[in-house]
Amino acid sequence: MGRSIRQNNKGSAILTVVVTMLFVMALGAALLFAAYTAYTIRITERADSENFYNASTAMDEIKAGIQTQVTQAIAEAYTNVITTYTSEHEADYNPQVDFNNQFIKVLASKTVTVSGSPVNMFTYSTSADGKSTVISGYNPIGIKALIDTQYQDSSKVNDATAGDGIVSENSVNGVLTSISLKSISLKFVDVKDYESDITTDITINMPDFFAGSSITSSINNSALIANNGLIQSEGGPISVDGDIFIGNGGA
């Protein structure tokens, strides 16, 4: 009489379950890792963007600070030149050239406060007669001082604690038209060590000197100016070398 032999498959079934569970666990771990990586990338991108915006804000404050100094220099130079322009001066006097020289001279002397002490913004030289000033460089420490205190500690300008940046002059037919502060480099590093770098040139165009207008030009040539009239009480004829504006009472 024959025997029937039954095969025991219990071990293989358990093995299949274990392999399947391991596969599912590996797949779950991969999905979790992918989700975590995507999350960290988003966090990094957000922090990096915020750091760049802060660096851009710091650079904008540098530009605004320089613009403020330029505006102050324009006002002071205009006052100085208009005094010469309306008084006795040489026949070949060029008010635009004088204005450019005065503007550069005033701008070159600008200072900022660093640790309670004044620091020159620019490196410059003045001719022996004092009429011409040349700005040859800018001070990175002075440039950094233009940044608001909220961003100053995180900012480094030109990776330098001392030394000069380059300033170049641009001229047309020997007349200065602009100066350029070359390669102002701002590195911004926040407390989480995110870093952004911005490099730019800042060009300052020479303002046009303007004095007089179509309304005032005829008055500038007058020898005598009166309100309602001009009366000669005694004496003979009077000769006037120039024009007379009598006002409402006459011609």
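The following questions and answers work through a predicted model of a protein chain.

Student: How many helices and strands are there in the protein chain?
Tutor: The model is a predicted one, and its protein chain has 251 residues, of which 26% count as buried. Among contacts with a separation of 6 or more, 55% are accounted for by residues 24 or more positions apart. The secondary structure of the protein chain comes to 5 helices and 10 strands.

Student: What share of the accessible surface of the protein chain belongs to carbon and sulfur atoms?
Tutor: The accessible surface of the protein chain comes to about 17100 Å². The part of this surface that belongs to carbon and sulfur atoms is 55%.

Student: Why does the salt bridge between Asp201 and Lys182 tie together parts that are apart in sequence, and how many residues apart are they?
Tutor: The side chains of Asp201 and Lys182 meet in a salt bridge, with 3.3 Å from N to O. Because Asp201 lies in strand β8 (residues 195-205) and Lys182 in strand β7 (residues 175-189), the pair ties together parts whose separation in sequence is 19 residues.

Student: Are Asp201 and Lys182 buried, partly exposed or exposed?
Tutor: A residue counts as buried under 20% relative accessible area and as exposed over 50%, with partly exposed in between. Asp201 is at 38% relative accessibility, and Lys182 has a relative accessible area of 31%. Asp201 therefore counts as partly exposed, and Lys182 is likewise partly exposed.

Student: What is the N to O distance in the salt bridge of Lys187 and Glu195?
Tutor: The count of salt bridges comes to 2, and the side chains of Lys187 and Glu195 meet in one of them. Lys187 counts as partly exposed at 23% relative accessibility, and Glu195 is partly exposed with a relative accessible area of 41%. The distance for this pair, N to O, is 3.9 Å.

Student: What span does helix α2 reach from its first C-alpha to its last?
Tutor: Helix α2 covers residues 95-108 and has 14 residues. At 1.5 Å a residue the expected value is 20 Å, and the helix comes close to this expectation. The span from the first C-alpha to the last is 20 Å.

Student: Which residue has a side-chain oxygen that reaches the backbone nitrogen of Gln96 at the start of α2?
Tutor: The buried residues of α2 include Pro95, Asp98, Phe99 and Asn100. At the start of this helix, the backbone nitrogen of Gln96 has a side-chain oxygen within 3.0 Å, and that oxygen belongs to Asn94.

Student: Which residues does Pro95 touch, not counting residues up to four places away in sequence?
Tutor: Pro95 has its place in helix α2. Pro95 and Ile82 are 13 residues apart in sequence, and their C-alpha atoms are 8.4 Å apart in space. With residues up to four places away in sequence left out, Pro95 touches Val81, Tyr85 and Phe209.

Student: Is Thr133 buried or exposed, and which residues is it in contact with?
Tutor: Thr133 is found in strand β4, residues 133-138. Its relative accessibility is 6%, under the 20% cut-off, so Thr133 counts as buried. Leaving aside neighbours within four places in sequence, Thr133 is in contact with Ile104, Lys105, Ala108, Tyr124, Ser125 and Thr126.

Student: What is the phi of Ser115, and what is that of Asn173?
Tutor: Ser115 is found in the loop between β1 (111-114) and β2 (117-120), and counts as exposed at 77% relative accessibility. Asn173 has its place in the loop between β6 (165-172) and β7, and counts as exposed at 79% relative accessibility. Neither residue is a glycine, yet phi is positive: near 55 degrees for Ser115, and about 55 degrees for Asn173.

Student: How many Å apart in space are Asp148 and Gly65, C-alpha to C-alpha?
Tutor: Asp148 lies in the loop between α3 (140-144) and α4 (149-152), and counts as partly exposed at 36% relative accessibility. Asp148 and Gly65 are 83 residues apart in sequence, while their C-alpha to C-alpha distance in space is 9.8 Å.

Notes: Residues numbered from 1 in each chain as written. Predicted model: local features only at pLDDT ≥ 70, side-chain atom pairs only at ≥ 80, totals over all residues. Heavy atoms only, no water. Salt bridge = Lys/Arg side-chain N within 4 Å of Asp/Glu carboxyl O. Helix = DSSP H or I, 4+ residues; strand = E, 2+ residues; numbered from the N terminus. Buried < 20%, exposed > 50% of the residue type's maximum accessible area, 1.4 Å probe, protein only. Expected span 1.5 Å × (residues − 1). Polar contact = N/O pair within 3.5 Å; in protein donor to acceptor, adjacent residues only side chain to side chain. Contact = heavy atoms within 4.5 Å. Areas by Shrake-Rupley, 256 points an atom, 1.4 Å probe, with all protein chains shown as cover.
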